Amino acid sequence: RPAVQSFRGATTPVKLSRSTSDALKAFSQAEGATPFMALLAAWQLLLSRYSSQDDITVGSPIAGRRVAELEGLIGFFVNTLALRSRISPRGDFRELLSQVRRTTLSAYEHQDVPFEKLVEALQPQRDLSRSPLFQVSFTLQNTPLSELSLPGLSFRPVETQGHVARFDLALILSDTPDGFGGLLEYNTDLFEASTAARMVTHFQTLVGAALASPDSRTDALSLLSEAARQEVLVQWNQTASTYPREASVPECFTAQAARTPDAIAVESEAGTLTYRQLDERSNQLAHHLRTLGVSPGSRVALCLQRGLELPVGLLGILKAGAAFVPLDPAYPAERLDFMLGQTGVSVLVTQQALADALPTDVPLVVCLDSDWQRVARHPTAAPASLSRADSLAYVMFTSGSTGQPKAVAIPHRGITRLVLGGAFIHFGPEEVWLQLAPISFDASTLEIWGALLHGARLVLFPPQAPTLEALGAALVRHRITTLWLTAALFEQMAARQPSALASVRQVLAGGDALPAARVREHLSRLTPGAMLVNGYGPTENTTFTACHRMGASSSFGASVPIGRPISGTQAYVLDSTLRPVPVGVPGELYAGGDGLAWGYLGRADLTAERFIPNPFGLGARLYRTGDKARWRDDGSLEFLGRDDNQVKLRGFRIELGEVE
């Protein structure tokens with residue numbers, strides 16, 4: 001919204017059919033109301049659905065000629081009424097019309113109070129960017145017009161294209177022999193022509209739905225035509241892809257290691273590991289863990305600094321048939337104690353330097369440095385595979401709104417769907433990935449398995465927190481081709497290390513809204529074939545739910561879209577009754593598909609609250625993200641913020657209740 005209202009505008013036509021108009025008049029008469037009141041009720045309901053607000057005030061002009069003696073006088077008697085309605089989602093349209101009727105009649109009783117006097121008395125906070133008290137108006141021009149005739153002349157109405165908008169939106173209708181018709185005037189600083197056209201369609205659909213079911217709850221009255229419903233539910237969710245859906249992560253890695261045994265799998269300051277070496281060492285660790293009682297269904301804690309031991313530990317745990325629970329050594333001892341207690345781990349895989357600082361109530365500790373001679377006695381051949389695609393792969397904690405962290409349980413299929421079924425970037429053996437994210441942050445899922453399940457090289461950044469200069473130097477020195485950054489780190493790198501960042505062919509960023517200005521700057525530096533991907537997704541849907549690819553020639557509006565659902569994923573924008581909302585209308589984002597977590601470990605109540613049955617039949621469940629979003633014309637999603645008090649810091653989810 002511009003700082004000062006510009007009044008630049010345009011119009012789009014509005015038409016209600018003769019049959020709908022007649023039905024509206026009959027319904028209004030039966031309810032003791034006028035067509036103006038019924039149309040106003042529908043207009044306010046539409047505004048409520050668009051804005052997700054239940055307190056709607058609409059301005060409307062009134063002639064001001066209350067008595068017959070004023071009819072013939074020349075002069076300007078028009079006043080403006082501010083008509084306020086409270087929209088109850090549980091109320092029906094008949095109740096809303098009754099409320100609008102009372103409000104309107106009450107306003108008519110006081111129509112002589114000048115609007116300027118009302119503003120003076122209420123003293124709202126003034127803002128040069130908008131009109132006071134209301135920003136949307138409604139006019140029904142239903143005064144009978146006398147026939148105009150002059151000798152030798154004929155007359156016909158001509159629609160004019162106005163370029164002025166007095167308000168953000170103005171619905172102006174007339175009662176004609178063919179039904180109610182007119183135009184929607186809109187401020188072009190705020191609305192695109194396609195948005196205004198959709199709004200007209202939604203208004204027409206809503207009026208028809210209200211007349212057909214006046215006793216239905218207002219939040220159940222659909223704005224969607226059948227074709228539009230098919231588009232948002234089916235067409236934009238056709239994301240099936242071919243990938244090893246029934247394979248576990250160790251099976252996929254073993255097959256890759258057999259294809260490229262001598263290729264470098266992992267590189268760090270301490271040296272490198274080929275795919276054969278990584279396969280053999282992780283096999284030895286798997287055998288060792290099984291001798292300690294680790295079996296399918298077990299959960300093994302993993303607390304390692306970034307180094308060659310990290311992928312060995314991850315693969316070894318998975319090959320033993322267990323799931324890993326990543327622990328960040330920087331976490332407070334109280335949080336580590338809580339995480340270990342919640343997951344019921346019996347074995348901790350770590351390093352000697354970290355072991356002394358970790359909780360001591362874990363029965364068995366394996367240090368991959370000091371205990372390696374004992375581990376190395378085991379066979380290098382792979383143990384019998386005990387994991388399936390739907391087996392638990394890892395448990396990762398996210399902040400919880402109740403003040404306690406939540407343990408998200410992710411199956412193997414969530415990982416393979418992300419990196420083997422995904423087409424949001426190029427995956428392949430020629431890629432060089434930088435592993436930068438903490439192992440307790442689910443971006444590491446993309447980094448590690450996006451490299452190791454494709455025969456690519458995974459470069460492990462040193463364990464210390466990176467400076468911008470060190471990160472930029474690492475990108476150039478290792479010729480990194482694929483990089484994940486949080487939104488905050490992307491912004492800093494784009495500002496301070498622009499050349500180094502532009503040298504990376506595939507940059508993925510997300511975790512929070514990307515700064516549009518920095519994105520445009522980065523895109524301007526890209527060479528042909530290079531891309532920036534805005535990735536969106538909660539931990540509960542395995543790293544990514546939707547992605548938006550951008551190249552040097554890409555353009556966007558005020559915000560960067562989060563894109564379309566990735567392969568094997570469905571995305572729905574729903575209202576409070578779990579009904580799909582139209583393009584452009586805000587709602588809550590729900591995610592489904594092969595990336596979904598089992599739920600929250602040990603929290604059946606919370607799992608049932610956030611993972612709900614899919615009402616549309618595509619997959620068994622949906623995850624309620626708590627994020628507000630809306631569909632765009634092109635089928636991509638736009639992120640609008642949170643529905644709760646959660647905040648993000650450098651891309652990490654933080655619940656204020658937990659901080660308290």
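These questions and answers walk through a predicted model of a single chain.

Visitor: How many helices and strands are there in the chain?
Guide: The model is a predicted one, and the C-alpha trace of its chain spans about 110 × 50 × 45 Å along the principal axes. Counted along this chain, the elements come to 20 helices and 29 strands.

Visitor: What percentage of the residues in the chain is buried?
Guide: A residue counts as buried when its relative accessible area is under 20%. The chain has 660 residues, and the buried ones make up 54%.

Visitor: Is Leu-148 buried or exposed?
Guide: Leu-148 is found in the loop between strand 4 (136-141) and strand 5 (169-176), and it belongs to a nonpolar surface patch of about 420 Å² that also includes Leu-150, Leu-153 and Phe-155. The cut-off for an exposed residue is a relative accessible area over 50%. Leu-148 has a relative accessible area of 57%, and therefore it counts as exposed.

Visitor: What is the volume of the largest cavity?
Guide: Rolling a probe the size of a water molecule over the atoms shows where empty space is left. A search of the whole structure finds 4 cavities of 30 Å³ or more. The largest cavity has a volume of about 50 Å³.

Visitor: How many residues of the lining of the largest cavity are charged?
Guide: Among the residues that line the largest cavity are Arg-1, Asp-168 and Asp-189, together with others such as Pro-2, Ser-129 and Leu-190. The lining divides into 3 nonpolar and 4 polar residues, while the number of charged residues is 3.

Visitor: Where is Ser-52, a residue with a positive phi, found?
Guide: Most residues other than glycine have a negative phi, and most peptide bonds are trans. Ser-52, although not a glycine, has a positive phi of about 60 degrees. With a relative accessibility of 53%, Ser-52 counts as exposed, and its place in the chain is the loop between helix 2 (35-51) and strand 2 (55-62).

Visitor: What is the relative accessible area of Arg-479?
Guide: Arg-479 is a residue other than glycine with a positive phi, near 55 degrees. Arg-479 is found in the loop between helix 15 (468-477) and strand 17 (482-486). Since a residue is exposed when its relative accessible area is over 50%, Arg-479 counts as exposed, its value being 69%.

Methods:
Residues are numbered from 1 along each chain as its sequence is written. This is a predicted model: local features need pLDDT of at least 70, side-chain atom pairs count only at pLDDT 80 or more; totals for chains, interfaces and linings use all residues. Side-chain values use heavy atoms; hydrogens and water are left out. Patches are made of residues with over 30% relative accessible area and no salt bridge: like charges are joined within 9 Å, nonpolar side chains (Val, Leu, Ile, Met, Phe, Trp, Tyr) within 5 Å. Accessible areas come from the Shrake-Rupley method with a 1.4 Å probe; for residues, only the protein chains shown count as cover. A salt bridge is a side-chain nitrogen of Lys or Arg within 4 Å of a carboxyl oxygen of Asp or Glu. Helices (H or I, at least four residues) and strands (E, at least two) are DSSP runs, numbered from the N terminus. Buried means under 20% relative accessible area, exposed over 50%, partly exposed in between (1.4 Å probe, protein chains only). On a 1 Å grid over the protein atoms alone, a cavity is a set of points where a 1.4 Å probe fits but cannot get out, and a pocket is an open set with protein on both sides within 12 Å along at least five of seven lines; lining residues have an atom within 4 Å of a point. Grid points are joined across faces, edges and corners, and a volume is the space filled by probe spheres set on the points. Ala, Val, Leu, Ile, Met, Phe, Trp, Tyr, Cys and Pro count as nonpolar, Asp, Glu, Lys and Arg as charged, and the others, Gly among them, as polar.
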